[in-house]
Amino acid sequence: MDETKLPPWLETMKGLAGITAAGGNSIIVGWAKKIGEIFPEYAHYCSGFLSAKTAWCGLTAGYCMAMNGIKPPAPDKDDVGFLYALRWRAFGVDASHDPQVGDIAVFHFGGNDHHVTMIYKVNKDTFECLGGNQSHSVKLSTYKRSECIAIRRPVH
C-alpha cells in the first residue's frame, strides 16, 4: 500500500488490514462495544451487533471514525445507524465533486446490495478502497466509480 500521509481514520483502517470474519471474529464484534464506550449515546445501538456473520462494513468504518473522535452516523427514528451502508449517505459533508483519499464511499451493486468503505486511491474509472467486509476481510478492493452513490467527507 502507498505510504503517503493518510488521514488518521484511514491509518486506523490500514492497521486493521487482514482481519477476517472467520468464525464470527470476536475482534470485529468488539469494535461495536468500543464505539459504545467512546460515544455512550450509541451504546444501546451498538449492543445489537452480535456477530461478524452480519454485514460489518459500516461497523468497520464507524470504528475507524470513533477511534479518531469522529461520530459515525447516529441511529435514526427507525434505529438505522452506521451499521447500515446507506446511512453513511448522511455522514459529514458531500465530497462527490472532489473525491479524495480518506473519503467515505457508498456503493450500490444492484438489488439490496450496498457497501461502505474508504477511498484509498482515486482513479479515472475506479476507486481503490480500504474497508471491512470486503471478501469477508479488511482489505484493499477496487470498485467502479459508476456504482458509487455517495462520497462523504468527515467534518473534524
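1. Thr-117 touches Asp-103, Ile-104, Ala-105, Phe-107, Cys-129, Leu-130, Gly-131, Gln-134 and Tyr-143, leaving out residues up to four places away in sequence. Contact here means heavy atoms within 4.5 Å. This is a predicted model, in which local features need pLDDT of at least 70 and side-chain atom pairs count only at pLDDT 80 or more, while totals for chains, interfaces and linings use all residues. Residues are numbered from 1 along each chain as its sequence is written, and side-chain values use heavy atoms, with hydrogens and water left out.

2. Thr-117 belongs to strand β3, residues 114-122. Helices (H or I, at least four residues) and strands (E, at least two) are DSSP runs, numbered from the N terminus. Thr-117 counts as buried because its relative accessibility is 1%. Buried means under 20% relative accessible area, exposed over 50%, and partly exposed in between (1.4 Å probe, protein chains only).

3. A polar atom of the Thr-117 side chain lies 3.1 Å from the backbone oxygen of Leu-130. A polar contact is a pair of N or O atoms within 3.5 Å; within protein, one must be able to donate a hydrogen and the other to accept it, and residues adjacent in sequence count only if both atoms are side-chain atoms.

4. Helix α2 covers residues 26-38, and at 1.5 Å a residue its 13 residues should span 18 Å; the end C-alpha atoms are 18 Å apart, which agrees. The expected span is 1.5 Å times one less than the number of residues. At the start of α2, a side-chain oxygen of Asn-25 comes to within 2.7 Å of the backbone nitrogen of Ile-27.

5. Which residues of α2 are buried? They are Ile-28, Trp-31, Ala-32, Ile-35 and Gly-36. An α-helix has 3.6 residues a turn, so residues three or four places apart point the same way. The cover over the buried residues of α2 includes α1 (8-16), α3 (43-46), α4 (57-66) and β5 (137-144).

6. Tyr-45 sits in helix α3 and is buried, with a relative accessible area of 7%. Beyond its neighbours within four places in sequence, Tyr-45 is in contact with Pro-75, Asp-79, Val-80, Gly-81, Phe-82, Leu-83 and Tyr-84. Tyr-45 and Gly-81 are 36 residues apart in sequence, and their C-alpha atoms are 8.0 Å apart in space.

7. The disulfide count is 0, a disulfide being a pair of cysteine sulfur atoms within 2.5 Å. The sulfur of Cys-46 is too far for a bond, because the closest cysteine sulfur, in Cys-64, is 14 Å away. Cys-129 is in no disulfide either, the nearest cysteine sulfur, that of Cys-148, being 7.5 Å away.
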